[in-house]
Amino acid sequence: MSKGNKFVMVGGGSTQSPGILEVLRQRAEELNLTELCLYDIDEHRVSLLGQYTKMYYGEKGSSIKVTYTTDMKEAFTGAHFLFMQIRPGLNKQRGIDEKICLSHGVVGQETCGLGGFSFALRVIPAVREIIKNVKEICPDAWILNYTNPEAILSEAIYNEFPDAKCLCICDMPISIEGAIAKYFDKELRNLTFKYFGLNHFGWWTAILDENGKDLLPVLREDVLSGKIDTLLMSNEDTVGDQYWVDTYKQMIKLFKRFPKYFPNCYLQYYLTADEMVAHDNLEFTRGDYVTNGREKRIYEECERVIANGTAVDSNLYGGVHGNYIVDIAHAIIHDTRERFTVNIVNNGSISNFDPKAVVELPAYVGASGAEPIVVGEIPTFHKGLMESQKAYEQLTVEAALTGSYQTALEAVMLNKTIPSLAVGKAVLDELYEANKEWWPELIEDYHRI
């Protein structure tokens, strides 16, 4: 182990940062964490979070050296771990995308449908630039990526930078697993979950307890019999948030309709898209909710603490989001080979699926990275859904890298949330006009339709 590890929060001005910052502070000793840098291109936001963190850590008795900067070279120099969660266009652009999609009667969610497509075209160029700099400035550093849309972004990263020390992760699977553990009154660490799919597009095939009993048939029977219509969330970050309350209810409803395997909650956007759109509010989308809720609350608290010159009466909460990424860093540092769900190149783990495609699977994580657990063959229904979705993801990456309008349109038409060419083209064109500051220029390689 080195004398001390430097961690960098890439997108350190994000409203998702505080929960991770608290976990890093609490677990600094086991991570051998001696230096923390918050890096962001937004000087105002990173200054707020940076000043707050320095004050908060100091008054909590932490000896960690805390810095913040908009200079990438300064931030990355000497780094051992980079936690990446960036959002080009911020939640403002997210809200614009959501409203454009919903105005055409299609899903506006930021990772699914064309909201995810638009986000991908904004974020892929930025992440490519970051990784190129990592390879030059701190090539031995581990990148743990939380940036959405994870499925598309992981496809871009692993294909262009196959030798980069990068793991693309998502805390949604473990959040759902925590809710299942809570239902069975079990400790999460005592359950083994078997899972396969793509990010925000997967299924649990077994839930094994400490005695090897599969609890999935029990959960299935409880749902089919009407005994339960939802699960209680285990992630305190989302308790009381009506969006997530409704999401978990819809997840159980979806399981009742397709009861073979338990679904990731995001599958509702693909398999019941009309129901999801019907519940959305065009005038106040999820992006608006976050902007007026968590974002406002966090930045106002930073401003209050800075103005008062003390964080003694302020507290941060480190939930699932913070603990999951730190758990993985811990596994790498100490080579524990613990089991986590990660996004990784298939390489035969799902035997009847593209070996070069990025999939989401349980894997053992240690000092050398992640080693996926073999799944074997998957059923035709799930395979067919995944193949269509994967083709959409791959063409989205291609469109982002080539700037081909035709490729972008082909990607759009493969997305299951799009009902027709007329709708898909109209949404694509409107999103392009709204995102010209961030998207690559789309070249009309064929005449417009």
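Helices here are DSSP runs of type H or I with at least four residues, numbered from the N terminus. The model is predicted.

S154 is buried because its relative accessibility is 1%, against a cut-off of under 20%. Setting aside residues within four places in sequence, S154 contacts C168, N343 and V358.

The peptide bond joining N148 and P149 is cis, with omega about -10°. Most peptide bonds are trans.

Helix 15 spans residues 380-402 and includes E393. E393 counts as buried, at 0% relative accessibility. Beyond its neighbours within four places in sequence, E393 is in contact with A151, I152 and L198.

Helix 15 also packs on helix 6 (residues 113-137). Their axes are 9 Å apart and the angle is about 50°. Helix 6 and helix 15 are therefore oblique to each other. Their crossing is right-handed. On the helix 6 side, the contacting residues are G113, G116, F117, A120, L121, I124 and R128. On the helix 15 side they are Y392, T396, V397, A400 and L401. An α-helix has 3.6 residues a turn, so residues three or four places apart point the same way.

**Helices 8 and 10**

Helix 8 (residues 172-183) packs against helix 10 at about 75°, with 13 Å between the axes. Angles of 65 to 115 degrees count as roughly perpendicular, so helix 8 and helix 10 fall in that class. M172, S175, I176 and A179 form the helix 8 side of the contact. W244, Y248 and M251 meet them from helix 10.

K256 belongs to helix 10, which runs over residues 242-257. K256 is partly exposed, at 43% relative accessibility. K256 touches V223 and L224, not counting residues up to four places away in sequence. The C-alpha atoms of K256 and D229 are 9.3 Å apart, across 27 residues of sequence.

**Helix 1**

How many of the 10 residues of helix 1 are buried? Nine are, so helix 1 (residues 17-26) is largely enclosed by the rest of the structure. The buried residues are S17, P18, G19, I20, L21, E22, V23, L24 and R25.

**Strands**

Strand 11 (residues 358-366) and strand 12 (residues 369-372) run antiparallel and are joined by four bridges. A hairpin of two residues connects strand 11 to strand 12.

A206 lies in strand 8, residues 201-208. A206 is buried, at 8% relative accessibility. A206 touches T192, F193, K194, D214 and L216, leaving out residues up to four places away in sequence. A206 and A399 are 193 residues apart along the chain, and their C-alpha atoms are separated by 37 Å.

Most residues other than glycine have a negative phi. D185 and H200 have positive values, about 55° for D185 and near 60° for H200. D185 is in the loop between helix 8 and strand 7 (192-198). H200 is in the loop between strand 7 and strand 8. Are these residues buried or exposed? D185 is exposed, at 71% relative accessibility, whereas H200 is buried, at 6%.

**Cysteines**

The model has zero disulfides, judged by sulfur atoms within 2.5 Å. C101 is in no disulfide, and its nearest cysteine sulfur belongs to C112.

| Cysteine | Relative accessible area | Closest cysteine sulfur |
|---|---|---|
| C101 | C101: 0%, buried | C112, 11 Å |

Methods. Residues numbered from 1 in each chain as written. Predicted model: local features only at pLDDT ≥ 70, side-chain atom pairs only at ≥ 80, totals over all residues. Heavy atoms only, no water. Buried < 20%, exposed > 50% of the residue type's maximum accessible area, 1.4 Å probe, protein only. Contact = heavy atoms within 4.5 Å. Pairing = 2+ DSSP bridges. Axes fitted to C-alpha atoms, helices over the stretch in contact; angles between N-to-C directions. Parallel < 35°, antiparallel > 145°, perpendicular 65-115°, else oblique. Left-handed = near helix turned anticlockwise from the far one by under 90°.
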